[in-house]
Structure formats: structure tokens, C-alpha cells
Amino acid sequence: MTLAERDQKVIWHPYTQMKNALPHIPIVSGSGAYLFDEDGKKYIDAVSSWWVNIHGHSHPHIAKKVSEQLSVLEHAIFAGFTHEPAVLLAERLLEILPKGQEKVFYTDNGSTAVEVALKMCLQFWSNTGSVSRTKIIAFKDAYHGDTFGAMSVSGRSIFTDPFSSMLFDVEFIDLPNADNIAQIKSKINYLSNEVACFIFEPMVLGAGGMLMYEAEYLDQLIDTCQKQGILTIADEVMTGFGRTGTLFACEALTAAPDIFCLSKGLTGGTMPLGVTTCNDKVFEAFMSDDKLKTLYHGHSFTANPVACAASLASMDILLSSETLPNIQRVKAKHEAFAAQIKDHPKLKDVRQKGTILVIEWETGTNTSYLSGLRNQLYSYFLERGIILRPLGNIIYILPPYIISDEDLDYIYKTINQALNDI
Ligand SMILES: *Cc1c(COP(=O)(O)O)cnc(C)c1O
């Protein structure tokens with residue numbers, strides 16, 4: 001039996017209708033921007049393996065640090081105990097995060113980082129005696145993860161449909177622009193006494209369709225919230241660690257969010273780790289002789305030392321002299337290509353932020369065309385050795401920063417070809 005056949009017998013894959021799933025491609029190794037399958041076919045990983053890989057696959061520096069850590073301390077209970085990798089990583093994260101962040105809470109993925117952020121905010125209000133502050137504000141097309149709290153604050157979609165009656169109520173707002181900003185601000189002001197927090201993906205809404213909006217309007221929303229005492233959560237799970245051109249997307253803001261959620265690129269995409277950071281205001285609300293004011297949350301693998309070591313190694317590379325120029329190089333290449341195709345008649349929109357390039361196919365009103373188009377685009381690029389995972393009619397390139405100019409040019413050329421063929 002082939003690996004794909006053995007897989008089919010025993011494995012249930014994520015986001016996959018298993019009834020008619022194509023055989024899953026067995027990957028045997030990864031190097032730089034490439035993944036290799038068991039027949040030796042090379043794929044350009046143009047989506048950074050679900051947006052996590054920032055420095056390339058099997059990076060030797062991360063591999064070395066992880067293997068060193070494995071033979072010294074692989075795991076230790078994190079209540080009552082601590083260890084150097086967790087402390088050092090917290091120190092280094094707080095140094096590079098936007099100003100005001102003071103404490104690091106560890107979890108093990110993006111969804112749990114969001115759950116912790118939400119619990120911090122809701123309990124902040126119960127600890128401080130404002131029990132009526134239970135509402136959460138989020139963007140209509142947000143994506144914050146797949147656990148129940150994270151699902152609740154995400155846009156309603158076919159992903160959340162079967163659970164809709166179990167999701168808590170959220171006040172959804174539109175993405176802000178010049179036309180609607182005043183209206184959104186007055187909605188926030190109107191609701192303010194009931195609102196615990198506002199959670200947002202800064203400037204780029206990832207899974208919701210790589211939608212983009214301007215920092216100046218997010219600044220205004222955060223200001224409005226903070227004037228009303230509403231806590232603000234920046235979900236930088238996807239945008240963190242250089243993805244949008246700066247270390248964190250929130251560097252474009254003048255406002256300072258109260259809480260940050262990080263994961264994905266945190267370990268360079270090597271292994272799971274999640275982080276929720278907060279400022280002193282949030283942290284102080286939990287300092288008490290009253291046991292009930294404790295944040296009772298944790299996971300078995302909280303602050304796993306090997307994951308922290310991977311993260312420290314990834315940060316070495318991120319802050320090295322090569323990475324920022326690489327990010328700027330990818331950004332400039334994307335900009336040039338975007339300018340070249342933006343008026344193509346088959347395209348509805350081309351947008352770009354840092355190392356993310358988004359190309360939206362025109363579909364008109366024909367929804368059956370839309371569902372076919374996604375699979376057609378996916379297969380088209382895969383056959384040509386490029387991994388892209390379209391979100392419906394939207395393709396995006398979100399590569400490891402080390403991707404070569406040649407590989408980017410090949411991807412662009414193939415997109416041009418697809419514009420002719422599809
Ligand atoms: C992927 C993602 C999450 C969820 O992270 P997981 O590790 O997949 O649970 C949360 N927020 C954003 C913005 C994401 O892109």
C-alpha cells in the first residue's frame with residue numbers, strides 16, 4: 001500500500017470532506033521554500049505551510065537549537081516551575097512587541113491564545129465588579145480560530161453553521177473606511193457599557209478572504225474603545241513576525257492595544273506554541289488575595305521548552321541582518337507584479353500588504369462557477385509545482401521570506417498563464 005492509501009484508511013484531515021477528497025500528497029522533506037513529495041517532486045510552498053513558516057523549511061539554526069534543547073529538558077510542568085527558554089522568550093518578545101506589553105501567558109496554538117485573551121477580558125470585568133460588561137465586538141469577516149470562543153468571535157460561515165446555536169452573541173462590525181467610520185464609532189459608543197472587549201486582526205483579515213483595511217481607521221476604533229474603557233485585543237497570529245512588512249502589523253498604529261495574540265510564525269513554523277501578552281492594566285486586575293480572581297487557565301504543554309527553544313532560534317533569524325531586507329525584497333517584487341496585473345479584465349481586485357499578495361478573480365454572480373474555480377485554481381498551480389490554497393476565488397501568495405526572486409518570478413509567470421487558461 002502507498003502512504004496515501006494507508007493515510008486514507010486511518011486519517012481524518014482538517015477542513016476536508018473525506019468522501020471525495022483527492023489522495024493526500026505524501027511529503028517526505030522540506031528545505032528552504034520547498035516541500036518534496038515521495039516521488040521527488042518539488043513544490044514551492046507559496047503559502048508558508050498554512051502561514052506558519054517564515055524562514056524556510058528545516059532551517060538548520062532552528063533544528064540545531066531544538067535538538068540541543070531536546071536532550072537537556074524536553075518538558076516541565078509550568079505551574080510551580082519555570083525554565084530558561086520560557087523566561088528568555090518572554091523577555092525577548094516583550095522587547096520587540098509594540099510598547100506597553102508587560103506579561104506573557106503561554107498556550108499552544110493560535111486558537112488557545114485567542115481563548116485566553118477573551119477570558120482575560122471577560123474576567124477583567126468580573127474581577128473589577130462590572131458584571132454587565134459581557135459583550136464582545138469583532139469584525140464581520142474575522143477569523144480567530146476554531147475552538148468555541150474563537151469561533152464565536154469569528155464571522156459566521158459554513159465553518160460555524162452546525163454550531164451556530166452554541167456560539168455566544170457578538171456585536172459584529174464592518175471593516176472601517178472613510179464612509180462608515182463615524183457610524184461604527186457611534187455604534188461602539190452606544191453599546192459601550194455592555195462591552196468587555198474588541199478583538200481584531202490588524203489591517204489584514206486572513207481566513208476571511210485576505211481583506212485589508214487602513215491603520216488610521218483601526219487607530220480610531222481603538223481610541224473610541226479605550227475612551228469607553230473597552231479592552232482591545234490585537235490578534236497578530238497571522239500578521240506577526242514580519243508578515244506585513246514590519247515585525248508586527250500594529251507598529252503602524254499610534255494607539256496601543258491592551259492584549260496581543262501570537263502563534264503561527266512564533267516558532268518559525270516549526271512546532272505549536274501560542275502566546276497571549278497583556279499590559280499592566282489587564283494584569284493588575286487579577287492581583288488579589290481573593291482566589292476567585294485568579295486566571296484559571298492552562299494547558300499540558302504550556303511553555304513547552306522545546307517549542308520555546310524553536311521560537312528563540314526563529315527570533316535570532318528574524319532579527320538577523322538578512323531577514324528585513326528579504327521581507328522588503330519580497331514586498332517590492334509583489335508590488336511590481338501587482339502593478340502589472342491590477343487592470344486585468346479577469347480580475348476583480350489585486351491587493352498587497354508586506355509579503356502578502358492577494359489576487360481576486362472576477363466571478364460575476366455565478367456561484368457555481370465560483371465553487372468550481374477554487375478547485376480548478378488549486379489543481380492548476382499544484383500541477384505546476386506551486387502550493388497555493390485559494391479562498392474561493394481569491395488566491396494569495398504568502399511565502400517564507402527566504403523565497404528566491406526566481407521562484408517568485410515563476411509563481412507570477414504561472415499566475416499570468418492561469419489568467420490566460422482559466
Ligand atoms: C490561524 C489563525 C488563528 C488560529 O490559530 P490556530 O493555531 O490555527 O488555532 C487565530 N487567529 C488568526 C488571525 C489566524 O490566522
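Predicted model: local features only at pLDDT ≥ 70, side-chain atom pairs only at ≥ 80, totals over all residues.
Ala 303 counts as buried, because its relative accessibility is 0%, and buried here means under 20%. Ala 303 sits in the loop between helix H9, residues 280–284, and helix H10. Its phi is positive, at about 60°, although the residue is not a glycine.

Met 203 is not a glycine, yet it has a positive phi of about 70°. Where is Met 203 found? It lies in the loop between strand E7, residues 195–200, and strand E8, residues 204–205. With a relative accessible area of 1%, Met 203 is buried.

Let me return to helix H10, which spans residues 305–318. Its axis and that of helix H4, residues 84–96, come within 9 Å, and the two cross at roughly 35°. The crossing of H4 past H10 is left-handed. On the H4 side, the contact is made by Pro 85, Ala 86, Leu 88, Leu 89, Arg 92, Leu 93 and Ile 96. On the H10 side, the contributing residues are Pro 305, Cys 308, Ala 309, Ser 311, Leu 312, Met 315 and Asp 316. Sorted by class, this contact has eleven nonpolar residues, one polar residue and two charged residues.

I turn now to helix H11, residues 323–341, where His 334 has its place. Is His 334 buried or exposed? His 334 is buried, since its relative accessible area is 0%, and the limit for that term is under 20%. Setting aside neighbours within four places in sequence, the contacts of His 334 include Gln 352, Gly 354, Thr 355, Ile 356 and Leu 357. Ile 397, Pro 399, Leu 408 and Tyr 412 are also in contact with His 334.

Finally, the ligand. Which residues surround the ligand? They are Trp 51, Asn 109, Gly 110, Ser 111, Tyr 143, His 144, Gly 145, Glu 201, Asp 235, Val 237, Met 238 and Lys 264. For three of these residues I can give polar distances. An N or O atom in the side chain of Ser 111 is 2.6 Å from an oxygen atom of the ligand. In the case of Lys 264, a polar side-chain atom lies 2.6 Å from an oxygen atom of the ligand. Asp 235 is placed against a nitrogen atom of the ligand, with 2.7 Å between that nitrogen and an N or O atom of the side chain.

Conventions:
Residues numbered from 1 in each chain as written. Heavy atoms only, no water. Axes fitted to C-alpha atoms, helices over the stretch in contact; angles between N-to-C directions. Helix = DSSP H or I, 4+ residues; strand = E, 2+ residues; numbered from the N terminus. Left-handed = near helix turned anticlockwise from the far one by under 90°. Contact = heavy atoms within 4.5 Å. Nonpolar A, V, L, I, M, F, W, Y, C, P; charged D, E, K, R; others polar. Buried < 20%, exposed > 50% of the residue type's maximum accessible area, 1.4 Å probe, protein only. Near = heavy atom within 4 Å. Polar contact = N/O pair within 3.5 Å; in protein donor to acceptor, adjacent residues only side chain to side chain.
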